Structure formats: C-alpha cells, structure tokens
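Here's a quick tour of some charge pairs and helix contacts. Have a look at the structure first, then read on.

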Amino acid sequence: MSRKQNVRSRPGNKAELERKRDERAARRALAKERRNRSGESGDPEEFLSFANQLQVLGLRLREVPGDGNCLFHALGDQLEGHSRNHLRHRQETADYMVKHRHDFEPFVEDDVPFDRHVQNLAQPGTFAGNDAIVSFARNNQVNVVIHQLNNPLWQIRGSDKANARELHIAYRYGEHYDSVRPVNDNTETPAHLQTEMLSKDVSNRKGKTKLNLSEERAELRLDAVQKVRNATGCADVSLILQSLEAESYDIESTIQVVLQIKELKQIDDADCAAEGSDCSYSSATWEPGDCEGLDPQRRPQHPPAPQKEQAVHRTQGRQPRPRDDPQEQNKKNISQKVSNKQRKDQQRQEKKKRQEERHRQKAQEQRSNNADNNRQEEDSSGVTVVKAISTLNI
C-alpha cells in the first residue's frame with residue numbers, strides 16, 4: 001500500500017474530510033436559501049452596502065443569474081460585454097487546467113482526483129472556485145480583480161504585461177459572482193476598468209516626473225532664447241520670449257519676427273530724428289507679430305514742409321497780401337509737428353490693441369484645441385480608472 005493510500009485509509013483523516021464536506025455543504029445550502037429568500041439579489045442589506053461601496057469608486061454591480069454559472073457569466077460580461085458564451089468559457093477554462101496539470105493538481109481539495117475535479121468543473125451549473133479564476137486569467141492573458149464588501153481588492157494576475165487588461169468582478173455572500181461596471185455603463189460592450197494605486201511612492205514618483213519635465217522645458221526655453229539672441233543680436237529677452245510663444249517656439253519664424261521688429265524700430269527712430277522730436281522707443285510697445293502684413297521697406301510718408309508764400313501777388317486789382325508773422329509761422333510748425341507725433345502715437349496704440357486682440361484670439365484657439373484633444377484622448381481610450389489604496393495579489 002502506498003503512503004498516500006495509507007494516509008487516506010486512516011479513520012481520523014476520513015472523519016476530518018467528511019467534516020469539511022459537511023461544512024462546505026452547509027455553507028452552500030445556507031447561501032442557496034438566502035438567494036431563494038431574497039431573490040437573485042441575495043441579502044438586501046449586503047447588496048445596499050456593496051452598492052454604496054462601489055459607488056464611491058464610480059462603479060456599480062451588474063447582476064448575473066445565480067444558476068451555478070455565475071463566475072463565467074460575470075467574466076464573460078467583462079470580457080465580451082455579454083454572458084451568452086459562458087459555457088464556452090467554462091470548457092476553455094477546464095481544458096487549460098488539463099494542459100497545465102502540474103500547476104493546478106496540488107491545489108485540488110476534498111481529496112478528489114484531479115481528472116474528476118476537472119470533469120465536474122466542465123459540467124454546467126458546477127460551482128467554480130479560485131483555481132478556475134486563475135485558469136481563466138492565464139488562458140485569456142488578463143488580470144482578474146475581485147471586489148468584496150469591506151475588504152481590499154484581490155487581484156489574480158494572468159499576465160505580467162504592464163498594460164494587461166483587467167476584468168472586475170464582485171464576490172458576494174460567499175457563493176455568488178457579479179460583474180462590476182462604471183456607474184453609467186448600460187451597454188453590451190466589453191468593460192475597460194484599470195486599477196490605479198494611491199500610495200506615497202506613486203505620488204512621489206509623479207511629483208519627480210513633473211519636476212523633471214518642468215526643468216527640461218525650462219532648459220529648452222533658455223536654449224531657444226539663446227539661439228534667437230545669437231542670430232538677431234537682440235538683447236531684449238522679454239521680447240524674444242513673447243515672440244517665441246507667439247510663434248509656438250518655432251526658432252526660424254521667431255528670428256524673422258525679431259529682425260523685422262528691429263528694422264521697424266530703426267525706421268521709427270530715424271523718422272523721429274528727422275522730425276526733431278523725442279520719440280523714445282520702448283520694447284513693451286511692440287508685441288510679437290507686429291510685423292504681420294507690413295512691408296519693412298515701406299517708410300511712413302511725411303507731410304510736405306509748408307511752402308513759403310511769394311512775396312508779391314500779381315493778382316490784378318488787389319493789394320499784395322502781407323507775409324505771415326514769423327512767430328505765428330513757428331507756432332504753426334510746432335503745432336503741426338505735435339499733431340503728427342500724436343497721430344503716430346495713436347496709430348501705435350491702435351496697432352498694439354490689434355496685435356493684443358490677435359494674440360488673445362490665438363491663445364483662445366490653442367486652449368480650445370488642447371481641450372478638444374484631451375477630450376478625444378479620453379474618448380478614444382475609454383478606460384475607467386478604479387482608485388485603490390492596496391490590493392492582494394495571487
């Protein structure tokens with residue numbers, strides 16, 4: 001007689017096995033009675049507590065029939081969006097266990113031979129436990145996340161990939177499984193839920209990543225400013241930064257803009273010098289893009305100088321008009337220069353307002369485009385994040 005058979009034949013071991021079978025049978029009978037008494041929803045108080053627990057995470061229960069196939073109903077709903085193929089999933093799970101016998105045989109309970117255990121599992125209506133979940137997860141290369149009332153999440157890993165798909169199911173009143181869905185998900189589409197761990201280590205890593213990104217962006221910005229400065233000889237860093245932002249950090253375009261601004265400034269300074277007035281220039285007057293639509297070669301047209309009146313009028317029958325007083329003439333010239341300066345200042349202010357309006361519209365368009373892109377990325381991914389503090393892995 002082998003050692004294993006000898007162990008089985010001992011009276012104490014038989015009594016212990018019978019006791020375990022009786023306990024399991026009693027638990028199953030109690031669970032079945034509770035389901036029959038309260039309908040497929042089980043205990044109403046437990047159901048309400050479970051629903052509130054999931055609602056905090058933005059989730060809800062999608063109940064499946066309690067016909068002994070609930071595990072494969074729930075997993076099929078997660079995987080395909082419906083549970084009509086639950087029998088096929090059951091058979092594939094049993095077949096996978098047979099192919100990988102050495103991984104599952106040591107965990108068969110009740111002193112039942114492995115072959116009989118797998119045959120029973122393949123039969124519709126037979127209760128399936130953790131070994132079936134592990135087999136299903138590995139066969140489909142997914143991770144199964146199990147929600148329980150007032151307990152941490154259990155995660156059964158069927159794949160080592162970082163972006164492996166997750167199937168979320170709920171384990172209720174000790175015998176029944178349901179599918180877990182987002183609150184507003186009433187569709188027959190596969191569920192896409194992803195667990196996100198909330199821990200100090202993760203938050204610290206995110207903070208370091210953001211810090212590294214900000215430092216990298218600052219270095220790139222300084223490098224762009226230096227390139228524009230070397231190419232144009234412009235020492236006004238604020239003007240270069242404004243131009244870079246307006247040109248979306250296109251260095252070539254920014255160089256052209258800064259050069260045109262410098263050329264227009266030189267033209268303006270020359271005009272002011274020709275008029276003999278103080279036209280101090282401030283870089284803040286110019287906004288990036290001031291050169292749009294302007295011809296750098298075009299110079300402002302100056303009003304012609306007042307012509308001297310002829311001393312003698314040869315109009316027949318009239319006396320010659322006396323010459324204007326020199327003081328009056330000087331006053332006229334000064335007032336004309338002042339009016340020209342005011343007109344140019346007004347033109348500059350109007351131009352500045354137009355440029356500010358164009359920049360404001362451009363910034364609004366960029367913000368709206370970024371928001372649209374973010375919405376499209378969220379819609380395309382379609383993944384609902386499930387936040388969790390801790391999980392227990394199998």
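What follows covers salt bridges, then a helix pair, then one more helix. Keep in mind that this is a predicted model.

Let's start with the charges. The salt bridge count comes to 12, and three of them are listed here.

| Pair | N to O distance |
|---|---|
| D77 and R62 | 2.9 Å |
| D77 and R181 | 3.2 Å |
| D223 and K227 | 3.4 Å |

D77 sits in helix α4 and R62 in strand β1 (residues 59-62), so their bridge ties together parts that are 15 residues apart in sequence. The link from D77 to R181 in strand β5 (residues 176-182) spans 104 residues. With a relative accessibility of 5%, D77 counts as buried; R62, at 15%, is buried too, and so is R181.

D223 is partly exposed at 39%, and K227 is partly exposed at 44%. As for shared partners, R62, D77, R181 and D185 are joined into one salt-bridge network.

Now back to α4 (residues 70-80), which packs against α5 (residues 86-99) at about 105°, with the axes 9 Å apart. The two helices are therefore roughly perpendicular. On the α4 side the contact uses F72, H73, G76, L79 and E80, and these meet H86, R88, H89, R90 and T93 of α5. By class, that's two nonpolar, five polar and three charged residues.

Last up is α10 (residues 237-246), whose buried residues are L239, I240, S243, L244 and A246. They span an arc of only 165° around the axis, which puts them on the same side of α10. Just after this helix, S248 has a positive phi of about 55°.

Key:
Residues are numbered from 1 along each chain as its sequence is written. This is a predicted model: local features need pLDDT of at least 70, side-chain atom pairs count only at pLDDT 80 or more; totals for chains, interfaces and linings use all residues. Side-chain values use heavy atoms; hydrogens and water are left out. Axes are lines fitted to C-alpha atoms, for helices over the stretch in contact, and angles run from 0 to 180 degrees between N-to-C directions. Helices (H or I, at least four residues) and strands (E, at least two) are DSSP runs, numbered from the N terminus. Angles under 35 degrees count as roughly parallel, over 145 as roughly antiparallel, 65 to 115 as roughly perpendicular and the rest as oblique. Contact means heavy atoms within 4.5 Å. Ala, Val, Leu, Ile, Met, Phe, Trp, Tyr, Cys and Pro count as nonpolar, Asp, Glu, Lys and Arg as charged, and the others, Gly among them, as polar. Buried means under 20% relative accessible area, exposed over 50%, partly exposed in between (1.4 Å probe, protein chains only). The arc is that of the directions from the helix axis to the C-beta atoms. A salt bridge is a side-chain nitrogen of Lys or Arg within 4 Å of a carboxyl oxygen of Asp or Glu.
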